[in-house]
Amino acid sequence: MVPGVRLVQKVSSTRVFARMAPHVVPAMDRAVHRLTRGRVLLSAQMLPGVVLKVPGARSGQLRTTPLACMPQPGDGGPGSWVLVGSNFGRPGHPAWTANLLAHPEEAVINWKGRDIPVRARLLAGEERARVCETALRFWPPYAVYQARIEREIRLFRLDPAQGPDDGRA
């Protein structure tokens with residue numbers, strides 16, 4: 001485990017962090033990501049991270065959001081990524097989740113400096129339950145976030161899009 005992770009987990013579980021982090025963390029991540037031409041995502045020093053690019057649900061304008069992710073290994077091919085719509089344990093769903101629901105096949109992630117077109121899928125049922133257990137082992141503060149709110153935290157799986165000959169027309 002990276003030194004200081006337990007301290008960061010403890011701090012990130014507080015209500016003060018939940019109020020401040022949505023304003024500070026993404027802004028810092030965007031700035032560092034831009035300055036390093038996509039090579040560095042500041043928050044990824046603690047957790048793996050992607051920069052999600054997807055049209056806005058209402059505006060259709062491209063939205064760029066740095067997010068923690070759980071990379072999932074593939075069976076010999078490219079893997080997938082899980083995104084957790086925790087919103088730091090705040091009441092409303094984060095806007096990026098509505099964007100993915102509205103435009104699941106128009107998303108692109110920047111993963112380790114590389115843009116990858118992806119398809120997003122909201123997880124439900126047994127698959128969601130399994131992934132949720134993995135997410136809680138991956139980042140225990142997710143349990144604190146869920147206990148603090150009444151809504152169910154949205155979980156998405158992002159799979160690499162195949163390309164123009166994948167059956168999408």
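# A first tour of a predicted model

By the rule that a salt bridge is a side-chain nitrogen of Lys or Arg within 4 Å of a carboxyl oxygen of Asp or Glu, the count here comes to 4 salt bridges. Welcome to this predicted model, in which local features need pLDDT of at least 70, side-chain atom pairs count only at pLDDT 80 or more, and totals for chains, interfaces and linings use all residues. Residues are numbered from 1 along each chain as its sequence is written, and side-chain values use heavy atoms, with hydrogens and water left out. Helices (H or I, at least four residues) and strands (E, at least two) are DSSP runs, numbered from the N terminus.

- Buried means under 20% relative accessible area, exposed means over 50%, and partly exposed is in between (1.4 Å probe, protein chains only).
- Both faces of S1 are covered, with Gly49, Val51, Lys53 and Pro55 buried on one side and Val50, Leu52 and Val54 buried on the other.
- S1 runs antiparallel to strand S2 (residues 62-68), and 7 bridges join them; two strands pair if DSSP finds at least two bridges between them. Lys53 has Thr64 as its bridge partner in S2.
- The hairpin of S1 and S2 has 6 residues between the strands, and Gly60 there takes a positive phi near 80°.
- S1 is also joined to strand S5 (residues 107-111), by 3 bridges and again antiparallel. Here Leu52 stands opposite Ile109.

- S5 pairs with strand S6 (residues 114-122) in the antiparallel sense, over 5 bridges. Asn110 finds its bridge partner in Asp115 of S6.
- S5 and S6 form a hairpin with 2 residues between them. Lys112, in the loop between these strands, is exposed at 68% relative accessibility.
- S6 pairs in turn with strand S7 (residues 154-160), antiparallel and over 5 bridges. Ala120 stands opposite Leu158 of S7.
- Arg119 also lies in S6 and is partly exposed, with a relative accessible area of 26%. Its C-alpha atom is separated by 8.1 Å from that of Arg157, 38 residues apart along the chain.

**Backbone angles to look at**

- Most residues other than glycine have a negative phi.
- Lys112 is not a glycine, yet it has a positive phi of about 55°.
- Phe88 has a positive phi too, near 60°, and lies in the loop between strand S4 (80-85) and helix H3 (95-102).

- Helix H4 (residues 125-138) has 14 residues and reaches 20 Å from its first C-alpha to its last. That is close to the 20 Å expected at 1.5 Å a residue, where the expected span is 1.5 Å times one less than the number of residues.
- Arg128, Val131 and Ala135 are buried in H4. They cover an arc of only 70° around the axis, which puts them on the same side of H4; the arc is that of the directions from the helix axis to the C-beta atoms.
- An α-helix has 3.6 residues a turn, so residues three or four places apart point the same way.
- The face of H4 turned away from its buried side carries the exposed residues Glu126, Arg130, Glu133 and Arg137.
- Arg30 lies in helix H2 and counts as partly exposed at 35% relative accessibility. The C-alpha atoms of Arg30 and Pro66 are separated by 6.7 Å, although the residues are 36 apart along the chain.

**Salt bridges, one by one**

- The side chains of Lys53 and Asp115 meet in a salt bridge (3.0 Å, N to O). Lys53 lies in S1 and Asp115 in S6, so the pair ties together parts that are 62 residues apart in sequence.
- Arg128 and Glu152 meet through their side chains in another salt bridge (3.5 Å, N to O). This pair links distant parts of the chain, with Arg128 in H4 and Glu152 in the loop between helix H5 (141-148) and S7, 24 residues apart.
- Within that pair, Arg128 is buried at 11% relative accessible area, whereas Glu152 is exposed at 53%.
- Glu127 forms a salt bridge with Arg121, the closest N and O atoms being 2.7 Å apart. Arg121, Glu127 and Arg157 are linked in a network of salt bridges.
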